[in-house]
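This briefing is intended for a reader who has the sequence and the structure at hand.

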Amino acid sequence: MFAHIFMYRLKCLLRDRETIFWTLIFPLLLAVFFNMAFSNLNNGETFKAIDIAVVDNEQYQEDQYFRSALNEVSQGYDRLFNLVVVSKDKAEQLLNDNLIAGYIVVETPLKLVVNKSGMNQSIIKNFLDNYIQTVSAVNSILTVNPSRQQELFNDLGNRRQYVKEVPGTKAEPNNVLLYFYTLIAMACFYGGFFGMREITDTQPNISPLAARINTAPVHKLKLFVYSMSASLLIHIVEMLVMLMFLRFAIRIDFGTKTGYVLLTTIVGSIAGNTFGAFISAIVKKSENIKVGILICVSMAGSFLAGMMYQNMKYIVAQKIPILSYLNPINLLTDAFYCLYYYDGFLRYTVNIGILLIFVIAFCLGIYFIIRRRKYASL
Amino acid sequence: MIIKVKNLVKRYGDLVALDHLSLSVREGEIFGLLGPNGSGKTTAINCILSLLKYDKGEIEVFDQPMTPESYEIKRHIGIVMQNVAVYNELTVYENIDYFCGLYVQDKALKKKLVDEAIEFVELGEYIKFYPKKLSGGLLRRLNIACGIAHKPRLIILDEPTVGVDPQSRNRILEGIVELNRQGATIVYTSHYMEEVEQICSRIVILDKGRAIAAGTKDELKAMISLGEKITVESYGISQEQLSALKKLPNIVSVEYNNSNRLLLIKSKKGENNLETVLDFIKKEGIQFGKIYSELPTLNDVFLEITGKDLRD
């Protein structure tokens with residue numbers, strides 16, 4: 001009997017284009033749109049070498065220390081500057097055309113010419129200040145103690161860091177991940193469409209089809225569980241397709257804990273399916289109203305989890321922290337976030353634990369509603 | 001008894017949907033439940049099937065109390081709902097196979113039964129069609145096939161011909177008679193008295209949740225005083241002549257409709273009523289065209305008992 005119901009349920013659900021659209025195609029389309037919208041968001045986090053020019057005058061050619069210092073920071077993969085050596089007129093033209101952030105004129109004192117203030121200009125100025133300061137210090141030391149020239153140059157080559165940078169995580173900072181994590185959480189809860197349909201097709205007070213099924217010699221709860229298994233299988237496969245799409249097509253980083261990412265997705269899918277079934281069982285209104293409620297709750301949960309505005313997640317966490325724990329979409333989002341950023345599992349476990357409590361609550365609610373065998377009205 | 005219902009009461013708030021309804025269905029008969037819309041036919045069926053709670057009464061099916069857990073009883077019941085109840089995502093064949101599979105687990109037997117059901121409802125050409133591609137009549141036939149494929153001993157058909165064209169309706173009615181001939185007991189609900197009259201061996205007439213009459217169609221017709229309805233196409237008749245006509249023996253009522261010029265005369269049971277009326281018309285020199293006589297219908301039974309038309 002299980003195989004019979006399960007296989008036919010798979011056929012039914014896989015041919016239900018509307019549900020497949022909402023549970024698979026729609027989240028994938030959103031992922032593509034997110035990718036298009038957020039593709040430049042991370043560029044702000046990546047340092048790009050600054051285009052500068054230096055005026056090719058006599059002093060520049062004579063000052064081998066400055067030339068050497070400037071060339072040193074303008075070479076290699078992690079260089080500070082993209083340097084061009086040009087005439088003063090050419091440098092002026094490049095600056096006017098906004099092709100360089102500024103140009104340096106080697107004279108006494110060193111001169112930096114910029115046409116606006118900004119981060120890049122500050123970095124160039126900082127470099128020049130640092131150079132002037134070092135040259136001044138070297139001159140002073142050599143004036144007082146010329147015999148220690150070699151020792152001084154050795155020291156200059158081995159600058160010590162007195163502050164050590166200790167990363168909180170091995171993960172790279174990423175501004176867009178949270179958006180995609182909320183999208184996965186939302187897609188998990190769109191599995192509610194499957195759960196909703198299971199109730200519709202089981203409750204005789206909702207559909208004539210369910211009334212016919214209830215006259216068959218099959219235990220209602222068994223029928224529901226067999227059908228729900230098919231729903232869950234389809235939705236979990238859909239979610240795996242989505243994860244692979246995000247990972248390999250959009251190149252979203254889920255960190256290194258792949259097994260836990262899959263586990264979280266499966267728990268999310270179960271939560272979404274049972275949530276939809278719960279809504280359908282508890283709301284005694286038309287199918288359209290139930291779908292409306294499912295979409296509204298999922299979207300509101302996604303919004304509060306930061307899907308439309310990333311900082312919303314932190315605002316909620318600060319102002320109404322309880323809401324963070326009562327929003328299952330936020331719990332799922334946060335679980336993915338924890339897996340990516342943190343090495344420890346405490347916060348992740350709390351998120352998944354609360355989510356499982358939600359699942360149990362939904363299942364109990366469904367059980368108490370659908371265990372009824374007779375209805376007051378059909 | 002296949003079904004025994006005793007003193008069944010079902011209320012929806014203040015509305016009494018079934019008012020101490022009692023009925024019994026015998027093995028091998030086509031039992032008709034006739035009544036206007038809202039008379040309680042579907043409610044009675046849903047109570048019998050243990051889908052609906054009821055306030056009072058007893059229901060036995062196959063001589064055992066019917067409960068939602070009576071799976072052994074349910075195994076022998078086939079139900080054809082008023083609304084078409086099939087999966088739109090499954091083909092004709094898959095739908096029949098799915099519902100049959102809920103009753104029959106032996107694969108070879110199931111396949112045989114499904115093939116027979118398809119042949120029975122003549123949907124062989126449409127087995128790969130999805131329900132949305134079927135016409136209303138074909139859809140109703142699919143609905144029936146899903147309900148009867150497992151060869152149940154008892155088949156309950158709740159208004160299976162609503163919204164069906166006359167050709168499909170006749171085919172459905174012939175099919176029901178054939179199912180009965182093959183051994184199934186049929187419970188057939190309808191508000192179409194012609195259908196019930198055509199196929200049912202015993203009939204209960206429902207009104208406002210009460211069984212107002214029960215018996216074979218002849219027994220039901222014998223319950224009322226109306227014996228004959230005589231219709232005369234008449235081109236002019238005076239009030240005096242109408243009054244005189246009313247005074248003839250056995251005549252119950254006389255009505256003349258000026259717009260269609262039809263004179264409707266209802267008479268009690270008795271011999272030569274038509275001859276008496278004809279003699280009167282000739283004697284009075286009333287001009288007339290067509291003239292015909294009809295025996296009472298179930299609608300007349302309903303009309304005489306309740307004072308209203310079955311189609312109201």
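In what order do the four strands of the open sheet in chain B stand? In this predicted model, the order is β12-β13-β11-β14 (chain B), and the pairing is antiparallel.

**The sheet of chain B**

- The edges are taken by β12 (251-257) and β14 (288-294) of chain B; each has a single partner strand, so one side of each has no neighbour in the sheet.
- On average, and with direction ignored, neighbouring strands of this sheet are turned by 15° against each other.
- Six bridges join β12(B) to strand β13 (residues 262-268) of chain B in the antiparallel sense.
- Tyr256(B) has Leu263(B), in β13(B), as its bridge partner.

**The helix on the sheet**

- Helix α10 (residues 273-284) of chain B packs on the sheet, where it touches β11 (226-234), β13 and β14 of chain B.
- The direction of α10 makes about 30° with that of β11(B).

**The contact between chains A and B**

- Chain B has 25 residues in contact with 23 residues of chain A.
- On the side of chain B that touches chain A, the elements giving two or more residues are α2 (71-74), β6 (77-80) and α3 (92-101) of chain B.
- Of these elements, α3(B) provides the largest share, three residues.
- By residue class, this side of chain B divides into 15 nonpolar, five polar and five charged residues.

Definitions and conventions
Residues are numbered from 1 along each chain as its sequence is written. Chains are lettered from A and ligands numbered from 1 in the order in which they are written. This is a predicted model: local features need pLDDT of at least 70, side-chain atom pairs count only at pLDDT 80 or more; totals for chains, interfaces and linings use all residues. Two strands pair if DSSP finds at least two bridges between them. Axes are lines fitted to C-alpha atoms, for helices over the stretch in contact, and angles run from 0 to 180 degrees between N-to-C directions. Two residues are in contact if their C-beta atoms, placed from the backbone, lie within 7 Å. Ala, Val, Leu, Ile, Met, Phe, Trp, Tyr, Cys and Pro count as nonpolar, Asp, Glu, Lys and Arg as charged, and the others, Gly among them, as polar.
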